[in-house]
Amino acid sequence: MGVSQDLIEVIRKEFALSPDGIHGVAHWDRVRENGLRLAELTGADPEVVELFAYLHDSKRHDDGFDPDHGQRAAEFVRTLNGSLITLSDGDLERLVYACVHHSRDITQAEITVQTCWDADRLDIGRIGVKPRARYLCTSAAKEPGIIEWAFRRSQQTT
Ligand SMILES: [Fe+2]
């Protein structure tokens, strides 16, 4: 079933930061697009990837490091499952794991989790940094053409 309009509305309403900020709505949309493109190549579960895009930064308290924001996002995910989200136990744990650890410097995980992290990391160009293959997890994301494609989109400010 993926991400419903109702879910996006709840996320936006509860988001404590500016929706126009570096971790705001345009970032979520690009992470979604990155993730769905990667999922076709990696075999990741597209529903988990899409949910990750809209939820992983949803509980940030600031636009800095905010080390616990992944954990808070994961707790939010658990409260949503059974209402605005309907995931199997396995997919729920994948999404939770992806949220908890997404801002850590790790690349090893199962493929759906790796695809979530790559979708996010490919959008680092919005703060002027080009994505580097060594911080990416999947061979699909490390493709120079994919990095270029994501980098270009991340730098469009409108
Ligand atoms: Fe992010």
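At 12% relative accessibility, Asp120 counts as buried (buried means under 20% relative accessible area, exposed over 50%, partly exposed in between, with a 1.4 Å probe and protein chains only). The model is predicted, so local features need pLDDT of at least 70 and side-chain atom pairs count only at pLDDT 80 or more, while totals for chains, interfaces and linings use all residues. Residues are numbered from 1 along each chain as its sequence is written, and side-chain values use heavy atoms, leaving out hydrogens and water.

Asp57 lies in the loop between H3 and H4, and Asp120 in helix H6 (residues 111-121), so the pair ties together parts that are 63 residues apart in sequence. Helices (H or I, at least four residues) and strands (E, at least two) are DSSP runs, numbered from the N terminus. Asp57 is buried, at a relative accessible area of 1%.

His56 sits in the loop between helix H3 (46-55) and helix H4 (69-80). The relative accessible area of His56 is 0%, so His56 is buried. Its side chain makes a polar contact of 3.3 Å with that of His27, and one of 3.3 Å with that of Asp120. A polar contact is a pair of N or O atoms within 3.5 Å; within protein, one must be able to donate a hydrogen and the other to accept it, and residues adjacent in sequence count only if both atoms are side-chain atoms. Setting aside residues up to four places away in sequence, His56 touches several residues, including Val31, Cys99 and His102 (contact means heavy atoms within 4.5 Å).

Cys99 is buried too, with a relative accessible area of 0%. A search of the whole structure finds 0 disulfides (a disulfide is a pair of cysteine sulfur atoms within 2.5 Å).

Nonpolar side chains tend to be buried together in soluble globular proteins. Here the largest nonpolar core has 35 residues (a set of buried Ala, Val, Leu, Ile, Met, Phe, Trp, Tyr and Cys residues joined through side-chain atoms within 4.5 Å). Leu51, Phe52, Leu55 and Leu95 have the most contacts inside this core. H3 gives the largest share, 7 residues. A second, separate core of 9 residues includes Trp149.

Arg126 is found in the loop between H6 and helix H7 (139-142). The side chain of Arg126 reaches the backbone oxygen of Ile22 at 2.5 Å. A polar contact of 3.5 Å joins the side chains of Arg126 and His23.
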